[in-house]
Amino acid sequence: MMKNSSHAQFNHADPRDREPPLFLVQSLCFLSISPTGFPELKNDTFLRAAQGKETEYTPVWCMRQAGRYLPEFREKRAAQDFFATCRSPEMCCELTLQPLRRFPLDAAIIFSDILVVPQALGMEVVMVPGKGPTFPEPLKEVEDLLKLRQKVDVAAELSYVFQAITLTRHKLEGKVPLIGFSGAPWTLMSYMIEGGGSNTMAKAKAWLYRNPEASHRLLTLLTDVIVDYLVGQVAAGAQALQLFESHAGHLGPEQFSEFALPFIRSIAKRVKSKLQEDALPAVPMIVFAKDAHYALEDLAQSGYEVVGLDWTIRPQEARQRTGEGITLQGNLDPCALYAPKEKIGELVKRMLEGFGSQRYIANLGHGLYPDMSPEHVGAFVDAVHTHSRYLNKCC
């Protein structure tokens with residue numbers, strides 16, 4: 001068992017013979033499924049690695065592994081609104097399963113989007129072709145915070161995500177574990193103020209400097225919703241959780257310490273406490289704070305079993321700075337998948353040698369890009385399995 005601050009006890013048997021939460025019974029009835037009686041898990045390698053247990057090989061999955069690089073994904077989503085897709089449990093289930101049919105991945109991650117949380121708070125978000133997610137009415141003034149729902153009925157507002165998770169757990173038939181996720185408070189706040197993506201996050205960072213108290217109020221509100229959202233995902237069937245602090249790199253160490261890290265810590269602590277209170281399974285939690293090299297030691301002590309890494313840090317350095325009790329995840333440069341297959345194998349081998357094959361989950365340092373070749377994704381997955389088995393035998 002891992003020696004980090006969570007001290008969680010995990011059980012792969014996933015005992016759910018008790019009555020499921022009422023909100024799940026109500027929201028899942030039309031699908032004729034229940035968040036109980038899930039098929040027995042056949043491949044627990046990802047969960048074992050997340051918990052710091054010995055594995056026969058290094059597990060691997062890819063951020064954005066359900067995405068536009070797959071022709072079947074593009075065909076399935078053709079002419080359908082992105083967020084309408086997110087609100088369809090059947091579509092989310094199908095898109096989640098697609099990469100598992102192609103590649104021997106060791107985990108699935110539910111198809112959804114981090115911006116469903118601002119939607120639950122009452123904000124409109126639309127997907128604009130060629131531009132990406134856009135907020136027609138972003139937060140501009142402190143007074144705009146009053147327009148947000150101050151008390152969010154997460155079970156009602158995000159029931160479609162819970163339905164998708166439960167349906168997918170059943171459809172996976174125990175092949176691999178299912179990961180749930182959420183965006184972290186600062187990353188969501190930045191989108192809500194910027195109105196979409198930004199190279200500088202200048203508007204959102206201006207709030208931190210000009211309106212620190214209001215920024216804390218917004219981050220606290222987001223944290224409250226995220227906690228309930230993640231707990232609800234576990235109740236629905238998620239077997240691991242990842243928190244995406246994708247915009248951490250826009251903050252310096254001081255701002256990260258004030259406006260990101262405390263909320264990251266709070267989410268881990270409160271989710272674990274609520275899972276225990278609600279007699280739900282303890283699940284490993286992953287924190288991925290992109291470009292937050294300056295905070296690596298703090299992230300390792302923030303209550304998560306796994307720390308995800310982008311591609312701009314050396315594996316050996318990450319190991320040294322995070323210590324013995326943490327599983328690391330990452331960190332191949334996504335653009336490495338544009339290389340010839342033989343080169344991908346070489347890069348994977350070097351990455352595995354740097355991290356070691358234990359207490360490690362292979363992944364990219366960020367998500368797959370839409371123009372990547374599925375064959376090269378397959379080469380990456382196969383190389384991880386092949387080289388890690390070799391390392392386990394010879395070293």
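Residues are numbered from 1 along each chain as its sequence is written, and side-chain values use heavy atoms, with hydrogens and water left out. Because the model is predicted, local features need pLDDT of at least 70 and side-chain atom pairs count only at pLDDT 80 or more, while totals for chains, interfaces and linings use all residues.

**Stop 1: helix α2 and A49**

Select residues 45-50, which form helix α2. Helices here are DSSP runs of H or I with at least four residues, strands are runs of E with at least two, and both are numbered from the N terminus. A49 lies in this helix and is buried, at 1% relative accessibility. Buried means under 20% relative accessible area, exposed means over 50%, and partly exposed is in between, using a 1.4 Å probe and protein chains only.

A49 and T327 are 278 residues apart in sequence, but their C-alpha atoms are 6.9 Å apart in space. Leaving out residues up to four places away in sequence, A49 touches T55, P59, T327, R359, Y360 and I361. Contact means heavy atoms within 4.5 Å.

**Stop 2: helix α8**

Select residues 159-172, the 14 residues of helix α8. From first C-alpha to last, α8 reaches 20 Å, close to the 20 Å expected at 1.5 Å a residue. The expected span is 1.5 Å times one less than the number of residues.

How many of the 14 residues of α8 are buried? The count is 12, so α8 is largely enclosed by the rest of the structure. Among the buried residues are Y160, F162, I165, R169 and L172. Just after the helix, E173 takes a positive phi of about 55°.

**Stop 3: helices α9 and α10**

Select residues 185-194 for α9 and 202-210 for α10. Their axes come within 8 Å and cross at roughly 110°, which makes α9 roughly perpendicular to α10. Axes are lines fitted to C-alpha atoms, for helices over the stretch in contact, and angles run from 0 to 180 degrees between N-to-C directions. Angles under 35 degrees count as roughly parallel, over 145 as roughly antiparallel, 65 to 115 as roughly perpendicular, and the rest as oblique.

To see the contact, show W186, M189, S190, I193 and E194 of α9 with A202, K203, A204, K205, W207 and L208 of α10.

**Stop 4**

Q255 is in helix α12, residues 253-259. Q255 is buried, with a relative accessible area of 9%. Apart from neighbours within four places in sequence, Q255 is in contact with K205, L208, Y209 and A260.

Next select residues 261-277, helix α13. Its 17 residues should span 24 Å at 1.5 Å a residue, and its end C-alpha atoms are 24 Å apart, which agrees. The buried residues of α13 include L261, F263, I267 and K272. What do the buried residues of α13 pack against? They pack against α9, α11 (212-236), β5 (240-245), α12, β6 (285-289) and α14 (296-300). After α13 comes A279, whose phi is positive, near 55°.

**Stop 5: helices α15 and α16**

Select residues 315-322 for α15 and 341-355 for α16. The two axes come within 7 Å and cross at roughly 25°; α15 and α16 are therefore roughly parallel to each other. Their contact is made by P315, Q316 and R319 of α15 and M351, G354 and F355 of α16.
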